[in-house]
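Visitor: Please show me the model, and let us then discuss the chains and a few of their residues.

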2 protein chains.
Amino acid sequence: MQRVVVALGGNALLRRGEEDTAEEMRRSARFAAERIADIAAAGWEVVVTHGNGPQVGRILLQQELAKDEVAPMPLDVCVAESQGQIGYLLQVAIGDVFFERDMERPVVAVVTLARVRPDDPAFSHPTKPVGPYYDEEEARRLERELGYSMAPSPHGGWRRVVPSPVLYSIVEAPVIERMIGEGAIVIAAGGGGVPVVEDGPRLVGREGVVDKDYASAVLARDVRASVLLVLSDVKGVYEGYGTEGARVMATLTPNRAERLLADGEFGEGSMSPKVRSAIEFVRSGGERAVIAALEDGLVALEGRAGTTIAEAG
Amino acid sequence: MQRVVVALGGNALLRRGEEDTAEEMRRSARFAAERIADIAAAGWEVVVTHGNGPQVGRILLQQELAKDEVAPMPLDVCVAESQGQIGYLLQVAIGDVFFERDMERPVVAVVTLARVRPDDPAFSHPTKPVGPYYDEEEARRLERELGYSMAPSPHGGWRRVVPSPVLYSIVEAPVIERMIGEGAIVIAAGGGGVPVVEDGPRLVGREGVVDKDYASAVLARDVRASVLLVLSDVKGVYEGYGTEGARVMATLTPNRAERLLADGEFGEGSMSPKVRSAIEFVRSGGERAVIAALEDGLVALEGRAGTTIAEAG
C-alpha cells in the first residue's frame, strides 16, 4: 500500500473571505476531509499535516487582551494548544466523511514536536511575524519588558517576530509510522510542530515557528511516504506567474526547481517554501512531491493536476 | 506485561498555592512525570489521563476578555485546546525523565473524544460550573443573548453551568490500545475527553464536561487495563473523614464502597466521583482500582499505600 503525507495549507481550515468562527472552520475542515477520504478510498495510507497561522494568531491575541487577568503562555504552549484545536476539528470532519462512506478507519490527532538545533542561526535573527499588531510605543515597551523582538509590519503597525528554525526530525515519527501502518489516518505536525531543542537529556520547547511545509517533507521522509502532497489555494507551480502567459507546470525536476528558486521566480510568498520542501523530500529519497489546489486532491496525487516534482525518469 | 491507566488529578499540573503560569505547570508536570517513570520502570504499560479544570477555565476567561476582537470558540473546541496544551507539557516532562533514566519509550499525546448519549438527562440539567465569574446582570444578559445556563456560585457571583453527561466509550480506545501494546506511553482523555454524540453517521461535539475519573475508568476498561490508579492530593479514601479518628482505608469492596457512597460518607466533593469510577472499573471486569496521593505513585499501585478497591478475594 502506498503512503502519502497530505499537507493542508492555512486555507484548509479558514478559507479566504471566511469569518474566523468555529462554524466556518468546521465547514472548511469538512471540505478538506472529503479530499482526504477520496485519497484513502483510492488505497493510500494517509498522514495529514496542517498550518496554524490564523489559529495561533487568534490565541496570541486572546492572551494579549486577557493578560492582566490570565498569565500568558509562551509560544510553544500556544502552538500545542492550536494543534489540539485544529486536530480535533479535522479529526471529527474526517471521521464523519469516512463513516458516511462506510470506510471505518481510526482517525487520531497527535501533539507533535519538531527537533531544531539550538545553534540554528534563526534564533539570533527572528523574522517570522506572529500575533497582534501594536503601535510603536507599545512595541518598544514589549521589547523592554518582555524581551520580545518587534518589527514594523509592511501592513502598518508593529508585530512580534520570532525565530523560524529549520527542523531536522519529528519526535513522534516512529509512533506515527506504526499507526499509519496499522490503518489509522494520523493528523500530525500541526503548524510545523512545536520547536524543541535537546538540552543534555532534556527536550526544551522554544518560542518559534517551524515552516509547516518543510516539517511535512521531513515527516514524509521519516515515515517513508512515497509522496508528499502539498495542497493549498493555488493550482500549482506557475511559469511566468503574474504575466499573461502564466501556466501551471505539470512537472519539474528538483534541479530545475532549484534554479527557478535561485532566480527568484517564486518571490518570497508562500510558493517558495512549498517548492523548497518538495525538493527536500525528493532529494531525501521520496518518489515525488505534488503541489496543487486543495480541490484537486486525489486527481493531483495521481499526477493529473498541479505540479509534480520528481527526478526525470 | 501488566497495564495501568494512571488518572492524574488537577493538582498534577497545578498544585495548590501555585501560580497559574507555564513555569509552574512545567514543574508540576515534572513531578508527575517522575511518578509515571517509576511505574513504567517497574514493568507496567501506562496510559496517562489528566484533568483540565484550571486550564480550560483560563482559556474560557481569555475568550471572554477578548470577545470583542476574537470570536469565542465553543466549549468542545476549548477542551480540545486544553488537551493540546496539557498533553504537550506532560509529554515533554515524561520524555525528559525517561531519557534521563535511559528508558527510551515513545510518548504520545492524542486528542480524545468521549461518546455520550444525546438523550443524557444531563443535557437538560446543566450543573457543572465552568469559566469566569459574572455579576447577576451580566449573567442574565448571557442567558438572553447566548442561551447560556447561568447559576449563582456558592463562592459568590454567577457562573455558566454546562451539562456533565456520562460517557459510554472513548472513540480512540482501539488506537490507544495498539500504541500501548507497542510500548508507547499514551496521554489521553484529557479533561475527560471532548463530549461527542452520534447524529446519524456523524459525530457532533457538544458543550459539556465529562467527569475525568469516570472517563479514565471507561478507557481503562476499553484498553483492558488491569488497574486504574487515581492519583490526586488526597492520601486515599478516608473512614470518618473530618473526625479525629480519620484514617485511610487500605481496602474496600465495590459493595462496601457503594454503601458508603449511598450513606453520603464522601460528600459531593472530589472523592465521590473517584469512588464511583473505581467501582465502575472493578464491576466492568477490572482487577482493582487504587485511589492514592500522587507522591505515592508506584507504592500505591503495588497496594502499599492509598485505598485499593477490589472484590474480596
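Visitor: What is the accessible surface of chain A, and what percentage of it belongs to carbon and sulfur atoms?
Guide: This is a predicted model, in which local features need pLDDT of at least 70, side-chain atom pairs count only at pLDDT 80 or more, and totals for chains, interfaces and linings use all residues. Residues are numbered from 1 along each chain as its sequence is written, and chains are lettered from A. Areas follow the Shrake-Rupley method with a 1.4 Å probe, and for residues only the protein chains shown count as cover. The surface of chain A is about 12400 Å², and the share of carbon and sulfur atoms is 48%.

Visitor: Which radius of gyration does chain A have?
Guide: The radius is taken over C-alpha atoms, and the globule rule is 2.2 Å times the number of residues to the power 0.38. Because chain A has 313 residues, a compact globule would come near 20 Å, and this agrees with the value for chain A, 19 Å.

Visitor: Is A:Ala189 buried or exposed?
Guide: A:Ala189 is not a glycine, yet its phi is positive, about 55 degrees. Its place is the loop between β9 (185-187) and β10 (194-199) of chain A, where strands (E, at least two residues) and helices (H or I, at least four) are DSSP runs numbered from the N terminus. Buried means under 20% relative accessible area, exposed over 50%, and partly exposed in between (1.4 Å probe, protein chains only). Because its relative accessibility is 1%, A:Ala189 counts as buried.

Visitor: Is B:Asp102 buried or exposed?
Guide: B:Asp102 has a positive phi near 60 degrees and lies in the loop between α3 (75-100) and β3 (107-109) of chain B. Because its relative accessibility is 71%, B:Asp102 counts as exposed.

Conventions: Side-chain values use heavy atoms; hydrogens and water are left out.
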